[in-house]
Amino acid sequence: MSQREWIEKDFYKELGVSSSASQDEIKKAYRKLARDNHPDSNPGNATAEAKFKAVSEANAVLSDPAKRKEYDEARSLFASGGFGRGGFSPGGGTNFGGGSAGGFDVGDLFGGGAGGADLGDIFGGLFNRGGQTRTSSASRPRKGSDLTADVTLSFRDAATGTSVPLSITSPSSCTTCHGSGAKPGTSPRVCPRCNGSGVVSRNQGAFGFSEPCDDCRGTGSIIDDPCGDCRGTGVQNRTRSVTVRVPAGVADGQRVRVAGRGEAGLRGAAAGDLLVTVHVTPDRVFGRSGDDLTLVIPVSYSELVLGTTLSVPTLDARVGLKVPPGTADGRTFRVKGRGIAKKTTTGDLLVTVKVAVPSDLDDAAREALEQYAEAERAGGFDPRAGWPGA
C-alpha cells in the first residue's frame with residue numbers, strides 16, 4: 001500500500017458510518033461487520049477475509065479516541081490542500097530527495113519546522129516513525145462490551161433498596177477453556193511473526209506503517225488446537241443469573257453499574273460491566289422531592305380548627321403528627337428523618353393537610369353547621385377580611 005493510499009483511506013467508509021458517528025455507533029458497526037466477515041465463518045472466502053482485515057484496521061484507529069482525533073486532523077490537513085491535493089508530490093511543494101521545493105523539506109514536515117505543522121505529532125498514533133515499534137491496541141487484551149438491562153421496581157423498593165435477580169443471555173467466558181480459546185490441556189503460543197505485539201511494521205519511503213498481523217489476526221497469539229465449544233474465541237453465548245443490588249433512593253431512569261458482569265472479553269480479557277436502568281412505578285400514598293418523601297393527608301375542617309393528632313404512614317411504620325388548633329388548609333409539616341435513608345444522608349417526610357369537604361350532610365349535621373355559621377358571624381369572623389377582591 002502506498003503512502004497516498006494509506007493516508008487517504010476512508011476508515012469511516014469501511015465501517016459504513018459518518019465522520020460524526022459516536023463511539024457506540026462505531027463499535028456496533030465494527031462488531032456486525034467483523035462477525036459477518038470473520039474468516040472462521042467464511043472459510044476460503046477471500047473477499048470476506050479482505051473485508052475483515054479492512055474493518056479491523058479501521059476499528060483499530062476509530063475505536064481509540066486519541067488515534068481517531070489524530071486521524072481526523074491528518075485527513076483535514078491533507079484535504080485542505082496544504083501539501084498538495086492527493087498527498088505528497090514534488091509539484092505540491094515537498095521533496096523526498098533531501099532538498100526542498102516551495103520552502104519545505106521532509107525534515108520540516110516531521111520536525112515541526114516550516115509552516116508549524118508537525119506531522120510526526122499528527123501521525124504519531126497512527127504510523128511508526130523511522131521504523132520504530134509502537135505498542136498497538138491490538139496487542140492489548142480487549143475488554144468485553146458493556147451490557148444493558150432494565151428493571152421495574154415499586155416506589156417503596158426503590159426508596160429502601162432491594163436486590164433484583166436478572167437472567168442475562170450474552171457472550172460469556174467459555175466454561176470449557178476458561179476463556180483462553182485453546183482446547184483444554186493446551187495453551188495459545190506467542191505469534192512468531194509479530195512477537196506477541198499483534199501488529200507488524202513495514203517501511204515505505206519516509207513512512208513506517210503498522211497493521212494488524214495476518215498470522216494472529218491482531219491478537220498476538222496463535223491457537224493451534226482451538227476449543228471445540230467456542231471455536232477459539234474464548235467466548236460463548238449462555239444464560240446466567242445475576243443479582244443486582246439496587247441502593248436505597250434510586251430515582252426513576254437512574255442506571256446502576258454492576259462491574260465485571262457484562263460481556264466477556266476475548267481470550268481471557270476483562271469482562272465489561274452490566275448497566276441496569278431502573279424504572280420506578282408511582283406510589284398511591286407517597287411522592288418524592290429529592291431525598292424527602294411527600295404525602296397529602298385529608299382532614300376535616302373541625303380537625304384544623306380544634307387541632308388534632310394524626311396517624312401518618314412512613315416507609316416502615318406509622319407516626320403521630322400533632323396538628324395545632326387554627327391550622328390553615330394546605331399547611332405542610334416536616335417530620336424529621338422519615339424520608340429516604342442513604343449511606344450518608346436521610347431525608348424528611350413532608351406532610352400536607354388538605355380539608356376534605358363532605359358532598360352530603362344529614363339533617364343533624366346540617367343543623368349543627370348552620371348554628372355554627374350563625375355563631376361565627378355573630379362573633380365577627382369574616383373569612384374575606386383584608387382580601388384585595390373584597
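Helix α9 gives the most to the nonpolar patch, with three residues. Helices here (H or I, at least four residues) and strands (E, at least two) are DSSP runs, numbered from the N terminus. This is a predicted model: local features need pLDDT of at least 70, side-chain atom pairs count only at pLDDT 80 or more, and totals for chains, interfaces and linings use all residues. Residues are numbered from 1 along each chain as its sequence is written, and side-chain values use heavy atoms, with hydrogens and water left out.

**Overall build**
- The chain has ten helices and 15 strands.
- Of its 390 residues, 37% are buried. Buried means under 20% relative accessible area, exposed means over 50%, and partly exposed lies in between (1.4 Å probe, protein chains only).
- Among contacts (heavy atoms within 4.5 Å) between residues at least 6 apart in sequence, 62% join residues at least 24 apart.
- The accessible surface comes to about 21900 Å², and carbon and sulfur atoms hold 50% of that area. Accessible areas come from the Shrake-Rupley method with a 1.4 Å probe; for residues, only the protein chains shown count as cover.

**Surface patches**
- Patches are made of residues with over 30% relative accessible area and no salt bridge; like charges are joined within 9 Å, and nonpolar side chains (Val, Leu, Ile, Met, Phe, Trp, Tyr) within 5 Å.
- Tyr301, Val305, Leu306, Leu369 and Tyr372 make a nonpolar patch of about 480 Å². The elements that give two or more residues to this patch are α9 (301-306) and α10.
- Tyr372 lies in helix α10. Its relative accessible area is 35%, so Tyr372 is partly exposed.
- A negative surface patch gathers Asp360, Asp362, Asp363, Glu367, Glu370 and Glu374. Lys and Arg count as positive and Asp and Glu as negative; His and the chain ends are not counted. Each charge is placed at NZ of Lys, CZ of Arg, CG of Asp or CD of Glu.

**The loop between β15 and α10**
- Asp360 is found in the loop between β15 (349-355) and α10 (363-378). Asp360 counts as exposed because its relative accessibility is 63%.
- Ala356 is in the loop between β15 and α10. Ala356 counts as partly exposed, at 44% relative accessibility.
- Leaving aside neighbours within four places in sequence, Ala356 contacts Pro298 and Val299. The C-alpha atoms of Ala356 and Val299 are separated by 5.8 Å, although the two residues are 57 apart along the chain.

**Salt bridges**
- The structure holds 16 salt bridges. Each is a side-chain nitrogen of Lys or Arg within 4 Å of a carboxyl oxygen of Asp or Glu.
- Glu14 and Lys51 meet in a salt bridge (3.7 Å, N to O). Glu14 lies in helix α2 (residues 11-15) and Lys51 in helix α4 (residues 46-62), so the pair ties together parts that are 37 residues apart in sequence. Glu14 is partly exposed at 22%, and Lys51 is partly exposed at 28%.
- Asp214 and Lys53 also form a salt bridge (3.7 Å, N to O). Asp214 is in the loop between β5 (207-212) and β6 (221-222), and Lys53 is in helix α4, 161 residues apart. Asp214 is partly exposed at 42%, as is Lys53 at 37%.
- Arg156 pairs with Asp283 (3.4 Å, N to O). Arg156 is in helix α8 (residues 155-160) and Asp283 in the loop between β9 (274-280) and β10 (287-289), 127 residues apart.
- Salt bridges that share partners join Lys53, Arg193, Asp214 and Asp215 into one network.
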